[in-house]
Amino acid sequence: MKLTIENRKRIAAEVACKFLEDGLVLGVGTGSTVKYFIEFLGKMIRNGALRNIYAVPSSYDTHFRLVQEGVKVVSLIEFDELDLTIDGADSVLMNNNVLIKGGGGALFREKVINYAARKRIIIVDDTKINRRFPIPVEVHHFAIGYVLKSLRELGLKASLRSSKCKVGPCISDNGNILLDAEAPLELITAELEVKLNSIPGILENGIFSKEAEIVVGKADGSYEILKLG
Ligand code: 5RP
């Protein structure tokens, strides 16, 4: 029998807990897979398996969940480096050696905790491997027209992400506009990550190229660990 996608996410989240040790300062990503990880983390704290774990959240959603589970929340003011970041992904492009992230709109802070960490664990279900997904881009509203034109010139087709809870554009936790940019597969590389961030007005983009271990929860109930970078 095939496991549901939710159960595959849960497996990946549980496996990620094997990387935890007392005293770690963790970056914690955002999304439905990370939600399971935070629940496991809470259980480990309550049953005494972990006592001193500090977490830097990548969104309001994750911050609220960490607090609810009794995890100590800190920031990059107290800690300028993280031991480990655990996060989800929208796509793992194995041939391009990159992740696409930001489907949940948290890419800016997720990129910061990704780069600030000495080690990265990405938790996904197997439908995320080589999945086509547009590149999320966070843009300051002042630059929106210029950024859309610059993306067109690079061969990307970008549109504003619509909010689901109000009329108009989706605004990030940082108060910025989110775009989603369709790009030819061969363009989605570490080079494009750098190129996009050199456009004035783009605050961050959803291509993640840092070395990472990818824990994949599979339909048959098993998991595998892939390496990126
Ligand atoms: C949020 C993200 C998430 O990691 C990504 O959207 C995956 O989420 P989920 O685990 O819900 O599929 O990048 O900005």
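Colleague: Is Cys165 buried or exposed?

Modeller: This is a predicted model, in which local features need pLDDT of at least 70, side-chain atom pairs count only at pLDDT 80 or more, and totals for chains, interfaces and linings use all residues. Residues are numbered from 1 along each chain as its sequence is written, and side-chain values use heavy atoms, with hydrogens and water left out. Buried means under 20% relative accessible area, exposed over 50%, and partly exposed in between (1.4 Å probe, protein chains only). Cys165 has 75% relative accessibility, so Cys165 is exposed.

Colleague: How many disulfides does the structure hold?

Modeller: A disulfide is a pair of cysteine sulfur atoms within 2.5 Å. The structure's count of disulfides is 0.

Colleague: Which cysteine sulfur is nearest to that of Cys165?

Modeller: Cys165 is in no disulfide. At 7.4 Å, the nearest cysteine sulfur is that of Cys170.

Colleague: How far is an oxygen atom of the ligand from an N or O atom in the side chain of Ser32?

Modeller: A polar contact is a pair of N or O atoms within 3.5 Å. For Thr33, a polar side-chain atom lies 2.5 Å from a ligand oxygen. For the side chain of Ser32, the distance is 2.5 Å.

Colleague: What share of the ligand's exposed area does the protein bury?

Modeller: Accessible areas come from the Shrake-Rupley method with a 1.4 Å probe. Taken alone, the ligand exposes 370 Å². The buried share is 91%.

Definitions and conventions:
A polar contact is a pair of N or O atoms within 3.5 Å; within protein, one must be able to donate a hydrogen and the other to accept it, and residues adjacent in sequence count only if both atoms are side-chain atoms.
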